[in-house]
Amino acid sequence: MSSAAAADVIGAIETSTIDNHRAAAQALAIVRDGVITGEGPTTRGRIHFSRALDADDAAWCERILGASALASQPVSRDEAEALFAINEAAAERSDDGRFDDLFAKAVVHHAASASGLPVPSRTVALSPDVAIETWAPTKAVGVNIEVLEWIATQMRAKRVSNATIMTLVTTVVGAATLQLPNVFDIGM
């Protein structure tokens, strides 16, 4: 993406004009690039080390996912994949766990909604004030097999050190893994 296009996306974030999942995923990719390089529009005006994720990066992710036009829509696969990429890019964390909480909630929100299970609005589901246990499915019943395979692939392909997401995968989809031999090899 050119720097002019990046500026347009950042402008969209600032003015809350993100109106679709693709725009949100593109904006999250810009956050990922800033985490990787320590440079770019999301790091402007502050010291940011490469491969580090700080509270400002987590706040960018929260703003992007919380765009008002997306509030009633479930988290998309593209957005969830962008969060997996940010998680992978960040070797160092100084955000007091805010990104990990948002990441886990967004992935579970996507998995549940893609399986046809009821989920609350993003405003509720992704809020730091709402515990994931209050809305996330507690059983694998109804979770789509393809969604489980996608999560397994993401977790095998990337360094996932997020304790919340590991616990949720174990709890939420644990029963389904009995039906899917060799799908989940996520070792802790």
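**Exercise 1. Work out how helix 2 and helix 4 are oriented to each other, and which residues join them.**

Helix 2 and helix 4 run roughly parallel to each other, where angles under 35 degrees count as roughly parallel, those over 145 as roughly antiparallel, 65 to 115 as roughly perpendicular and the rest as oblique. The model is a predicted one, in which local features need pLDDT of at least 70 and side-chain atom pairs count only at pLDDT 80 or more, while totals for chains, interfaces and linings use all residues. Residues are numbered from 1 along each chain as its sequence is written, and side-chain values use heavy atoms, with hydrogens and water left out.

Step 1: two packed helices are described by the angle between their axes and the distance between the axes. For helix 2 and helix 4 the angle is about 5 degrees and the axes are 9 Å apart; axes are lines fitted to C-alpha atoms, for helices over the stretch in contact, and angles run from 0 to 180 degrees between N-to-C directions. Helices are DSSP runs of H or I with at least four residues, strands are runs of E with at least two, and both are numbered from the N terminus.

Step 2: the contact (heavy atoms within 4.5 Å) includes Ala25, Leu28 and Val31 of helix 2, and Ala82, Leu83 and Ile86 of helix 4.

Step 3: sorted by class, the residues of this contact are 11 nonpolar, 1 polar and 3 charged, where Ala, Val, Leu, Ile, Met, Phe, Trp, Tyr, Cys and Pro count as nonpolar, Asp, Glu, Lys and Arg as charged, and the others, Gly among them, as polar.

**Exercise 2. Describe how helix 4 packs against helix 5.**

Step 1: the angle between helix 4 and helix 5 is about 150 degrees, and their axes lie 9 Å apart. Helix 4 is therefore roughly antiparallel to helix 5.

Step 2: among the residues that meet here are Leu83 and Phe84 in helix 4, and Phe103 and Ala106 in helix 5. By class, this contact has 8 nonpolar, 2 polar and 2 charged residues.

**Exercise 3. Follow leucine 83 and alanine 106 into their surroundings.**

Step 1: leucine 83, which is placed in helix 4, counts as buried because its relative accessibility is 0%; buried means under 20% relative accessible area, exposed over 50%, and partly exposed in between, with a 1.4 Å probe and protein chains only.

Step 2: leaving aside neighbours within four places in sequence, leucine 83 is in contact with Leu28, Cys61, Leu65, Phe99, Phe103 and Ala106.

Step 3: alanine 106, found in helix 5, is also buried, at 0% relative accessibility. Not counting residues up to four places away in sequence, alanine 106 touches Leu65, Val75, Leu83 and Leu126.

Step 4: Leu83 is one of the residues that touch the most other members of the largest nonpolar core, which has 33 residues; such a core is a set of buried Ala, Val, Leu, Ile, Met, Phe, Trp, Tyr and Cys residues joined through side-chain atoms within 4.5 Å.

**Exercise 4. Is aspartate 96 buried or exposed, and what is its phi?**

Step 1: aspartate 96 is found in the loop between strand 2 (92–94) and helix 5.

Step 2: aspartate 96 is exposed, since its relative accessible area is 83%.

Step 3: phi of aspartate 96 is near 55 degrees, which is a positive value in a residue other than glycine.
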